[in-house]
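The following note was prepared for a colleague who wishes to read the model alongside its sequence.

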Amino acid sequence: MSLITVGTMAFDAIETPFGKVDRIVGGSATYVAYAASNFVTPVRQISIIGNDFPEEELNTLRARGVITDGIEQVPDKKSFFWSGRYHTDMNSRDTLVTDLNVLADFNPVVPDSYQGSEFLMLGNLMPKLQTSVIRQLTTRPKLIVMDTMNFWMDVAMDDLKETLTLVDVLLVNDGEARQLSGEYSLVKAARKIMQMGPRFLIIKKGEHGALLFHENHVFFAPALPLEDVFDPTGAGDTFAGGFIGHLAKTKDIHFNNMKRAIIVGSAMASFCVEKFGPERLREITKREIDERIGAFVQLVNFDIDLV
Ligand code: AMP
C-alpha cells in the first residue's frame, strides 16, 4: 500500500513552560513521515529543504522506509523556519516567527515513481501547493487527507477553500474549525465545513481529544492523560501520520475504521508530546505503540446497565 506525504521539513525554535530549544528539526511532513512509517512503507515524501537541513535526518527517515526522491534541496537557501511559544496550559501557543525561506519559491513536483499511490496526506502547507500536488496525480488516490492551520486561513482563505473542494478528510483544531466556518458550535461548524468539500472532518482539541464527523455521525477519541507533556509541537501532524498510516495499512476507509484510525492517531500524538521535537518518535517501538493503543481502549472501556 503506498502513501504520498506532502508538507514542510523545517527547523523550529520552541519555548514551553518546561524548556526551550533554539533550532530543532521539525516540519509538518517530518512528523507525518515519522508517525506513518510505523504502519506503512514506502512513505513517499514531497517537500523542500535548504542547504542547512541535516543529511543525517534524511538518512534516519530513509532507514524507516521514507522515500526522499520528492524532497527538493535548494543549495543556496535556508530551510523553512518556525518559532512558537506555548502558554502554560500547553493547549494554545503563539507563533513568533514564520520564515518561509525555501518555501517561498516551492513548486512541488510529483516524481513519476510516486504516481499510482493510493493514499495522499497533504500536511500543513500553502493551500495552492496542496492543490498543485492533487492536480499532478494521474489517478486520484483512494483517500486524500488534508491538514491546515489558521495561518493559511489568514493569508490564503480563497486558495484554501478551493483545496477543500478536492479532499476527502480535513483535519483542523477547534479554533481553526470556528475560524473557517464562522460558527462557535463545533457541530454547526462541522456541518458547514463538510459542505465545503470534505466528507469527513476531524476536529482536534489538544489534551481534550478529537472529534470525527461524517454525515450525521460523530465519534470522540480522548487524549491519554499523560504525566509529563514537554512539547506539543508536531502533535497534530503526528496524529495525521498515525491516522492515515492506519488507514493505508488496513486499506479500509469506512467510518468504522476511521474511528480506529483516530485512536491510532491519538496514541501516536501522545508519544510526540513526551519529548522535544520528533525525538520520542525516533525511538518508540512497535510494542510500545501496541501498549499505548491498549491504554486508550482501557481509558474508555466500561460496562453500564441501562435504566
Ligand atoms: P503542529 O504542532 O502539529 O501544528 O505542527 C508544528 C509543525 O508545523 C512545526 O514543526 C512547524 O515547522 C510546522 N509549521 C508551522 N507553521 C507552519 C506553516 N505555516 N506551514 C507549514 N508548516 C508549518
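Predicted model: local features only at pLDDT ≥ 70, side-chain atom pairs only at ≥ 80, totals over all residues.

1. The protein contains eleven helices and 13 strands. Its radius of gyration is 18 Å, close to the 19 Å that the globule rule gives for 307 residues, so the protein is as compact as a globular protein of that length. Along the principal axes, the C-alpha atoms occupy a box of roughly 70 × 40 × 35 Å.

2. Buried residues make up 55% of the 307 residues of the protein. Among contacts with a separation of 6 or more, 65% are between residues 24 or more positions apart.

3. Surface and charge. The accessible surface of the protein is about 13600 Å², and carbon and sulfur atoms contribute 50% of it. There are 31 positive and 40 negative side chains. The centres of these two sets lie 5 Å apart.

4. Strand 11. This strand spans residues 200-204, and five of its five residues are buried. In a regular strand, side chains alternate between the two faces of the sheet. Phe200, Ile202 and Lys204 point one way from strand 11, whereas Leu201 and Ile203 point the other way. All of these residues are buried, the lysine included.

5. Partners of strand 11. Strand 10 (residues 169-173) pairs with strand 11 in the parallel sense over five bridges, and Val169 stands opposite Phe200. Strand 12 (residues 210-214) pairs with strand 11 in the antiparallel sense, also over five bridges. Here Ile203 stands opposite Leu211. Five residues lie between the strands in the hairpin of strand 11 and strand 12. In this hairpin, Gly206 takes a positive phi near 55°.

6. Backbone exceptions. Most residues other than glycine have a negative phi, and most peptide bonds are trans. Which residues does a cis peptide bond join? The bond joins Thr41 and Pro42, with omega about 0°. Pro42 lies in the loop between helix 1 (28-36) and strand 4 (43-49).

7. Positive phi outside glycine. Glu215 is not a glycine, yet has a positive phi of about 45°. Glu215 sits in the loop between strand 12 and strand 13 (217-221). The relative accessible area of Glu215 is 56%, so this residue counts as exposed. Lys251 likewise has a positive phi, near 55°, in a residue other than glycine. The position of Lys251 is in the loop between helix 8 (235-250) and helix 9 (255-272). With 46% relative accessibility, Lys251 is classed as partly exposed.

Definitions and conventions:
Residues numbered from 1 in each chain as written. Heavy atoms only, no water. Helix = DSSP H or I, 4+ residues; strand = E, 2+ residues; numbered from the N terminus. Rg over C-alpha atoms; globule rule 2.2 N^0.38 Å. Buried < 20%, exposed > 50% of the residue type's maximum accessible area, 1.4 Å probe, protein only. Contact = heavy atoms within 4.5 Å. Areas by Shrake-Rupley, 256 points an atom, 1.4 Å probe, with all protein chains shown as cover. Lys, Arg positive; Asp, Glu negative; His and termini not counted. Charge placed at Lys NZ, Arg CZ, Asp CG, Glu CD. Pairing = 2+ DSSP bridges.
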